Amino acid sequence: MDIASYLPEKVITNEELANKFENWTPEKIFEKTGIKLRHFADENENVSDMGFFAAKKLLEKTNFNKEKIDMLILVTQSQDQCLPSTSCMIHEKLELSSQCGNFDINQGCSGYIYGLSIAKSLIASGEFKNVLLITGDTYSKLINQNESSVATLFGDGATATLIVPDYPGKKGIGPSYFGTDSSKKDYLICNYLGLKKPTKNQKPLMMNGPGILNFTLSILPKELNIYLKQNNLLIEEFDLVLFHQANKFILKSLYKKIGIEDKGIISLENTGNTVSSSIPMVLETIIQDNKKNVLLAGFGVGLSWAFTSVVI
Amino acid sequence: MVPEGKINNFLENLAEALELQAECLSKDTKLDSISWDSLAVISCIALADEFFGVMLSGEELSKAITIEDIINLILEKV
């Protein structure tokens, strides 16, 4: 397993946001969100471009023969168009083999773990060998930039992860566990690009912050225990814990509640919440260290939760 | 029965989260007289969970007028 990421050039600072939103100072934004800046894709920059750049970087870094990739998976909620899938666009840009399949997964903050779990299963089936898993989102295009609760949090970005069966050093993906409370589906919702009528009522991304915090603090610790128990794992076995980088406030509360403040990672200062890319972006920075066992958790849109672990 | 000290401790932490001096926050404090915004609501939910193990919803909190209303909400759930 190896990872590379891409961030768009355009940067939005806390100073710019504080000028726009009364009652906010750059310091307060950083203190509450843990974010100093977020990257926004240009008007003409789409997920297929960002995903392509991340994958290109990864292929250069690993020197991996792209002809050998036999499945391309893209996790996104901001696709270039209705059809064909955005993964198909990336397949073309990367000039992947005609014998490489591709599909999109419409998942957000839990999406990377969905991707890892599916890639692992495809390889374990024996029918596929080398999977390229890309995550990418341009939430900046779904957001009302005058809405402080979302404009301060989200940033655009993409990552690419190469998953192969016999990687030197025996890095690997552990068991996964997923869940959904669809009764809370409206807590994070955006109906752009949808066909449901009347389409003129389509609205930008709406987030019920208190509802999501409530959900996260009550569900995540409970479900984490189930995941650990089901797989005969102990939290102590993990060197690091990396949850979806939603914002500093929610992560601090969550890590404290679970009692893992010492190994829980908070790292979104220069990216903001990049949705399904938030976990791999941080994994990329720790992958070079000595062999580590990292517990991963995603939570958010759905509302969903997902757990897995990786030895990197 | 929730000890008064625990409630005071909760209020001190809430004041800190709202960037207020502890003495600026009492049971009589009206929420519209302090910087009670979406961030304050979120801080209050997290602190109520941490100190009392109860979950307050955004809807419940939106009906609160004073700090005492919030404490009563918590006490109902403990």
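A: In chain B, the loop between α1 (4-17) and α2 (38-52) holds B:E19, a residue that is not a glycine and yet has a positive phi of about 60 degrees. Because B:E19 has 12 C-beta neighbours inside 10 Å, it counts as exposed, the limit for that class being 12 or fewer. The model is predicted, and the angles given here are computed from it.

The bond from A:K197 to A:P198 is cis, with omega near -5 degrees, and A:P198 sits in the loop between β10 (188-189) and β11 (206-207) of chain A. A cis bond also links A:G302 to A:L303, where omega is about -10 degrees; A:L303 belongs to the loop between β13 (293-300) and β14 (304-311) of chain A.

Chain A contains nine helices and 14 strands, and its C-alpha trace spans about 55 × 45 × 35 Å along the principal axes. A compact globule of 312 residues would have a radius of gyration near 20 Å, so the 19 Å of chain A agrees with that expectation. Of the 312 residues of chain A, 48% count as buried, and among contacts between residues at least 6 apart in sequence, 77% join residues at least 24 apart.

The domain assignment divides chain A into domain 1 (2-168) and domain 2 (173-311). The C-alpha centres of domain 1 and domain 2 of chain A are 16 Å apart, and the contact draws on 43 residues from domain 1 and 42 residues from domain 2 of chain A. On the side of domain 1 of chain A that touches domain 2, the elements giving two or more residues include β1 (2-6), α2 (26-33), β6 (131-137) and β7 (157-163) of chain A, together with α5. The most is given by α5(A), with seven residues. Sorted by class, this side of domain 1 of chain A has 19 nonpolar, 17 polar and seven charged residues.

That contribution makes α5(A) the helix to follow along its length. Helix α5 of chain A covers residues 111-124, 14 residues in all, and it reaches 20 Å from its first C-alpha to its last, close to the 20 Å expected at 1.5 Å a residue. An α-helix has 3.6 residues a turn, so residues three or four places apart point the same way. After α5(A) comes A:G126, whose phi is positive, near 85 degrees.

Terms used
Residues are numbered from 1 along each chain as its sequence is written. Chains are lettered from A and ligands numbered from 1 in the order in which they are written. This is a predicted model: local features need pLDDT of at least 70, side-chain atom pairs count only at pLDDT 80 or more; totals for chains, interfaces and linings use all residues. Helices (H or I, at least four residues) and strands (E, at least two) are DSSP runs, numbered from the N terminus. The expected span of a helix is 1.5 Å times one less than its number of residues. The radius of gyration is taken over C-alpha atoms; the globule rule is 2.2 Å times the number of residues to the power 0.38. A residue is buried if 20 or more other C-beta atoms lie within 10 Å of its own, exposed if 12 or fewer, and partly exposed in between; C-beta atoms are placed from the backbone. Two residues are in contact if their C-beta atoms, placed from the backbone, lie within 7 Å. Domain bounds come from an automatic or database domain assignment. Ala, Val, Leu, Ile, Met, Phe, Trp, Tyr, Cys and Pro count as nonpolar, Asp, Glu, Lys and Arg as charged, and the others, Gly among them, as polar.
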